[in-house]
Amino acid sequence: MVRRDNLPVQLSTFVGREQELAEVHALVRRHRLSTLTGAGGCGKTRLALRAAVDLLDAGAYADGAWLVDLAPIADAALIARAALSALGAREVPGRAPLETLVDYLQARTLLLIVDNCEHLVAGCAALVEALLRACPGLQVMATSREPLGLPGEAGWRVPSLALPPPGAASADIVRSEAVCLFAERARLVQPDFALTLANAVTVGQLCRRLDGIPLALELAAARVRGLTVEQLAARLDDRFRLLTGGARTALRRQQTLRATVDWSYDLLAADERALLRRLSVFAGGWTLDAAEAVGAGLPDALGLLLQLVDKSLVVPEPNGEDPASIAPVNGGDGFRYRLLETIRQYASIRHICPKTSV
Ligand SMILES: Nc1ncnc2c1ncn2[C@@H]1O[C@H](COP(=O)(O)OP(=O)(O)OP(=O)(O)O)[C@@H](O)[C@H]1O
Ligand SMILES: [Mg+2]
């Protein structure tokens with residue numbers, strides 16, 4: 001049988017995301033380019049791969065689903081070549097890789113998953129646009145901390161894993177997605193680990209303080225080998241030193257919490273970094289006016305703030321609604337903004353001493 005995909009077999013269990021998967025399926029069916037965006041480690045790649053498997057199983061693409069992972073590629077000039085290699089298509093001597101790619105895709109019906117684009121966003125955008133214009137049966141699902149910025153692109157922000165509501169009873173805490181992922185991964189390193197009435201509240205708080213970000217939850221769960229959840233929770237103010245033990249074969253930027261934030265921070269322009277550092281003074285989120293005040297002296301603080309939103313470093317909360325709280329935080333009369341706690345801690349250390357590594 002001819003292989004119709006190159007999607008990697010996953011080694012760890014998949015947790016939750018029923019609603020998100022339904023939304024991504026609908027999105028991909030409706031648009032030729034869908035881009036899953038979100039903070040580092042929030043689960044973009046995992047969700048995209050899971051959605052692709054489902055779509056493939058549903059028979060959506062006669063010529064299959066193919067993953068082009070750009071994480072290991074540093075040069076935009078190599079993207080077309082990486083795509084050819086992912087598809088198992090041969091380069092033709094004397095012909096540009098992009099032309100060969102167009103020849104290969106022109107008469108096919110397939111889904112291309114262009115994964116981890118943020119460091120090559122301009123090159124990706126150019127390639128994806130050229131392919132979509134020339135190849136009518138092609139659909140693209142991209143993942144990136146920042147959208148590609150193409151006409152017709154359907155952006156979709158991957159949320160954190162669902163957290164237990166504040167003050168939830170233990171029975172509800174243990175059912176939440178974030179807590180389930182933490183417990184699943186903790187059991188891998190400590191088979192006796194169990195969620196109990198005694199530790200559920202602490203685990204729930206831990207997951208909340210890690211913003212429900214799957215990568216952070218996995219790094220924290222790996223520490224259960226040598227620390228109790230209470231000890232872990234007590235050390236989360238020092239999370240960048242604590243959360244360093246990623247899988248040996250993981251991407252370098254996913255081996256520590258610091259590396260995953262460094263990856264986003266290093267891709268920012270100097271003024272964007274300056275505003276991010278200043279925004280770390282707001283522990284409970286802020287309004288547009290407050291951002292403009294704190295950004296005084298920077299050229300175009302509003303534009304910079306919106307860039308940070310695009311790059312998934314600032315979370316916008318429409319109508320002032322904090323998804324983690326029951327009541328609107330400012331009466332619902334405009335966007336509020338906030339930083340994930342991990343980003344805030346990182347930016348505040350950089351704020352105190354911009355040159356220090358965290
Ligand atoms: N729903 C889930 N169930 C189980 N594990 C998950 C889930 N979502 C993410 N993970 C795990 O969390 C880690 C980070 O996920 P992933 O690589 O998809 O994040 P990402 O948003 O693509 O990160 P990056 O911004 O670095 O590209 C991975 O180890 C992944 O397997
Ligand atoms: Mg990814």
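Let's start on helix α5, where Arg-133 and Glu-129 sit four residues apart, about one turn of the helix. (Helices here are DSSP runs of H or I with at least four residues, strands are runs of E with at least two, and both are numbered from the N terminus.) The side chains of this pair meet in a salt bridge, 2.5 Å from N to O. That term has a cut-off: a side-chain nitrogen of Lys or Arg must lie within 4 Å of a carboxyl oxygen of Asp or Glu. Side chains of opposite charge can pair when their charged atoms come close. Arg-133 is exposed, at 63% relative accessibility, whereas Glu-129, at 27%, is partly exposed. Those labels work like this: buried is under 20% relative accessible area, exposed is over 50%, and partly exposed is in between, using a 1.4 Å probe and protein chains only.

Before going on, keep in mind that this is a predicted model, in which local features need pLDDT of at least 70, side-chain atom pairs count only at pLDDT 80 or more, and totals for chains, interfaces and linings use all residues. Residues are numbered from 1 along each chain as its sequence is written, chains are lettered from A and ligands numbered from 1 in the order in which they are written, and side-chain values use heavy atoms, with hydrogens and water left out.

How many salt bridges does a search of the whole structure find? The count is 15. Among them is the one between Asp-172 and Arg-175, at 2.7 Å from N to O; Asp-172 is partly exposed with a relative accessible area of 38%, and Arg-175 is exposed with 58%. Arg-241 and Asp-238 also join up this way, at 3.2 Å. In that pair, Arg-241 is exposed at 66% and Asp-238 is partly exposed at 37%. There's a network too, with salt bridges linking Arg-95, Glu-99 and Asp-103.

Is Leu-242 buried or exposed? It is buried, with a relative accessible area of 11%. Skip its neighbours within four places in sequence, and Leu-242 still touches Arg-223, Leu-227, Leu-232, Arg-235 and Leu-236, where contact means heavy atoms within 4.5 Å. From C-alpha to C-alpha, Leu-242 is 8.9 Å from Thr-256, which is 14 residues away in sequence.

The axes of α7 (residues 177-189) and α8 (residues 200-209) come within 9 Å and cross at roughly 105 degrees. (Axes are lines fitted to C-alpha atoms, for helices over the stretch in contact, with angles running from 0 to 180 degrees between N-to-C directions.) That makes α7 roughly perpendicular to α8; under 35 degrees would be roughly parallel, over 145 roughly antiparallel, 65 to 115 is roughly perpendicular, and the rest is oblique. On the α7 side, Ala-178, Val-179 and Phe-182 make the contact, and α8 supplies Val-203, Gly-204, Leu-206 and Cys-207.

Last stop: the magnesium ion (ligand 2). Which protein donors does the magnesium ion have? They are Thr-45 (OG1) and Asn-116 (OD1), lying 2.1 to 2.2 Å from it. Thr-45 belongs to helix α2 (residues 44-57) and Asn-116 to the loop between β3 (110-115) and α5 (121-134), so the pair ties together parts that are 71 residues apart in sequence. Donors are N, O and S atoms within 2.8 Å of the metal (3.2 Å for Na, K and Ca), and water is not among the atoms, so sites may look incomplete. Thr-45 is partly exposed at 24%, while Asn-116 is buried at 5%.
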